[in-house]
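Please open the structure in a viewer and keep the sequence at hand.

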Amino acid sequence: MKKPTGVMCPVDMGGCSPFGEYVNAFRVMSDSDGELLLDFCIYSARENKAQVVSRIRVAASFLTDIHERIGRGITEIRSSGATKGASNPTPPIFLFRRPVDEDEGDN
């Protein structure tokens, strides 16, 4: 199987908000043979509930590429942030919901 490569092309946002939707959690579920569902959610620790904001279906083989590209993107963002100096640090990037202490609240 040929490895996917980057493509430069216009991207139509359709009806999506240009600012994106806020999420603080995600889950990956097996759906059918060779396909996975990725649910992006808003999780409330107070109610111990999550609401799906967006669901996408991908081939299981594509998940490895997604993981690799996110890792590479984080490395590039951190590298470019380091050149800006301490007065303008790059904000932290969180890829998945971590356990929250009760003292932290329901951010």
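Predicted model: local features only at pLDDT ≥ 70, side-chain atom pairs only at ≥ 80, totals over all residues.

**The whole chain**

Begin with the protein chain as a cartoon. The chain holds three strands and one helix, and along the sequence these elements follow the pattern β-β-β-α. Of its 107 residues, 11% are buried. The chain exposes about 9,000 Å², of which carbon and sulfur atoms supply 57%. Among contacts with a separation of 6 or more, 36% are between residues 24 or more positions apart.

Next, select residues 25-30, which form β1, then residues 35-44, which form β2, and finally residues 49-59, which form β3. Together the three strands make an open sheet in the order β1-β2-β3, with antiparallel pairing. β1 and β3 each have a single partner strand and stand at the edges, so one side of each lacks a neighbour in the sheet. From one strand to the next, the twist averages 25°.

**The pairing of β1 and β2**

Keep β1 and β2 in view. These two strands run antiparallel and are joined by six bridges. Select phenylalanine 26 to find its bridge partner in β2, phenylalanine 40. Then select alanine 25, whose bridge partner in β2 is cysteine 41. Moving on to the turn, one finds that β1 and β2 form a hairpin with four residues between them. Within that turn, glycine 34 has a positive phi of about 85°.

**Charged pairs**

Now display the side chains. Side chains of opposite charge can pair when their charged atoms come close. Over the whole structure, a search finds five salt bridges.

Select aspartate 39 together with arginine 27: their side chains meet in a salt bridge, at 2.8 Å from N to O. Aspartate 39 belongs to strand β2 and arginine 27 to strand β1, and the two residues are twelve residues apart. Aspartate 39 is buried, with a relative accessible area of 0%, whereas arginine 27 is partly exposed at 40%.

Arginine 55 counts as partly exposed, with a relative accessibility of 45%. Through shared partners, salt bridges join Arg27, Asp39 and Arg55 into one network.

Arginine 57 is in strand β3 and aspartate 31 in the loop between β1 and β2, 26 residues apart. Aspartate 31 counts as partly exposed, at 39% relative accessibility.

**A nonpolar patch**

Finally, switch to a surface view and select Tyr22, Val23, Ile42 and Val53, which make a nonpolar surface patch of about 310 Å². Valine 53 has its place in strand β3 and is partly exposed, with a relative accessible area of 32%.

Key
Residues numbered from 1 in each chain as written. Heavy atoms only, no water. Pairing = 2+ DSSP bridges. Axes fitted to C-alpha atoms, helices over the stretch in contact; angles between N-to-C directions. Buried < 20%, exposed > 50% of the residue type's maximum accessible area, 1.4 Å probe, protein only. Contact = heavy atoms within 4.5 Å. Areas by Shrake-Rupley, 256 points an atom, 1.4 Å probe, with all protein chains shown as cover. Patch = residues over 30% accessible without salt bridge, like charges linked within 9 Å, V, L, I, M, F, W, Y side chains within 5 Å. Salt bridge = Lys/Arg side-chain N within 4 Å of Asp/Glu carboxyl O.
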